[in-house]
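Dear colleague,

Please find below the structure that I am handing over to you. My notes on its aromatic residues follow it.

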Amino acid sequence: MEDDHTIQAPLKKVAIIGLGFVGLPLSMMFVRKGFQVIGIDYDTIKITALQDGKSYIQDLSDADLTEALQSGRWQVSADYASLAGADTVIICVPTPLSPDNSPDLSFLTDTCTMLAPLLRSGQLVVIESSTYPGTTREVVQPLLEKSGLVVGQELYIGYSPERIDPGNKSMAFSDIPKIISGITPACAQQLLELYSLVFEQVVSVSTTEAAETAKLLENSYRFINISFINEFAQLCDRLNINVWEVIAAASTKPYGFNAFYPGPGIGGHCIPVDPLYLQWKAAQTGINSRFIELSQQVNEGIPSYLADRIEQELLDGKKLTGAHILVYGVTYKPNIADVRESAAIPLISRLLHRGAVLHYHDPFVSQIKLEDGTRLQGVELTQERLEQADCVLICTNHDVMPVDRIASHSRFIFDTRHSFSLNAPADMQAKLVTFGDGTQ
Ligand SMILES: NC(=O)c1ccc[n+]([C@@H]2O[C@H](COP(=O)([O-])OP(=O)(O)OC[C@H]3O[C@@H](n4cnc5c(N)ncnc54)[C@H](O)[C@@H]3O)[C@@H](O)[C@H]2O)c1
């Protein structure tokens, strides 16, 4: 557990519903700050693991959990009855997309429905799940009002978007400024008092809608810019210009330029999902975000583009049909075990569809589900497999990736992340192609 200074909090009891990538680190932070914390998750496998001090999130070690359990201030349960006595309930459940790309709020509405009969006067409920503007007021509030409590007087409701960056060790969670908002000024005040005790900087906005939209702006900004740089990389490939050199040069501008980098596509539970929440909300009012629509189109085109590039570059004029491809890394970003919306999945599905004989290795993921629902088991990264592969495809560059071993035993490396041109041994014999390096 990171070495935070526990402050003298008034030992309020905080319940956190949904102990995933967001809720589990958040619960640890409240424990560190001196709160009594009860974590609730309906996944009994997770609860059993946590009770045994076993972490399923890379950013938290077993020792972190054991320390929290031993503090006597952290309990976990699958039973909502354990919420009794909590002063605050924070909801961190998933907000994915439905098959038709519309918001799926079922996790959130189920949680609120189960929570309402358990609420009592004086409690604060905060939503941290990412969602479209209006959710807290139009969806959450009516469900919680079934408790019979009056919002702003007996029950306080707020929204605070979560900005955690799993796998990023460069910044302490509590140092990330925290946006807060309430349904009424009294609700907002409750959030301010609570979050000021745990976050270094709290940013109040006037409505829950503004807070919900701030999160969607942040993630739409990333979605659009990553899509743009991926299109830009394709352009550079065609112009025989190395996009990585171009980005490095442009990045020396001290103002007005933020670097984004090409990759196999946009993945994770947030960046590819949140803009579509915004798009859905916009559509309700007859508006269409052309930027989001276009970015989505560009993003969806990356697997085909990369499959074509790999085929063009295979040694001896080989075709994808029958080519042996060994993929390194299938998570949506390095150093975590999360494959939700990972760009590796559509790329692998595309390569298999085009007849490749494909295996993957990922130190964090033993099995993946492909687009057609079939499952693929991970394999060991053996010397024999590297030597046999017609192409070693780098989709995710985990820190533990054995660059030297891959470099010395492979014949052809296609790198979607620019991890080899910088780190490979100078005497590397393997052919190397990096997405956007202008070698097309
Ligand atoms: N993962 C991220 O990097 C990140 C960053 C910022 C915001 N968010 C947002 O935070 C929210 C949670 O994301 P996550 O990545 O932690 O998801 P997650 O899937 O890792 O965790 C959610 C947890 O909620 C539990 N759960 C679902 N419904 C429940 C219910 N009714 N009662 C009890 N438990 C329930 C699940 O079992 C799961 O353990 C989402 O809205 C996401 O968009 C995620």
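Does Trp 280 count as buried, partly exposed or exposed? Trp 280 counts as partly exposed, because its relative accessibility is 27%, a value between the 20% and 50% cut-offs. Please note that this is a predicted model, and that the values below are computed from it.

The aromatic pairs in the model come to a count of 10. One of them joins Trp 280 to Tyr 132: the ring centres are 4.8 Å apart and the planes stand at 45°, a tilted arrangement. Tyr 132 belongs to the loop between β5 (123-127) and α5 (135-144), while Trp 280 is part of helix α9 (residues 274-284), so this contact ties together parts of the chain separated by 148 residues in sequence. Tyr 132 is buried, with a relative accessibility of 7%.

A second pair involves Trp 244 and Tyr 261. Its planes meet at 5°, with 6.1 Å between the ring centres, and therefore the pair is stacked. Here too, distant parts of the chain are linked: Trp 244 lies in helix α8 (residues 243-250) and Tyr 261 in the loop between α8 and α9, 17 residues apart. Trp 244 is buried at 8% relative accessible area, whereas Tyr 261, at 47% relative accessibility, counts as partly exposed.

Two further findings concern phenylalanine residues. A single aromatic cluster is formed by Phe 30, Phe 35, Phe 173, Tyr 195 and Phe 199.

With kind regards

Terms used
Residues numbered from 1 in each chain as written. Predicted model: local features only at pLDDT ≥ 70, side-chain atom pairs only at ≥ 80, totals over all residues. Heavy atoms only, no water. Phe/Tyr/Trp six-rings, centres within 6.5 Å; stacked < 30°, edge-to-face > 60°. Helix = DSSP H or I, 4+ residues; strand = E, 2+ residues; numbered from the N terminus. Buried < 20%, exposed > 50% of the residue type's maximum accessible area, 1.4 Å probe, protein only.
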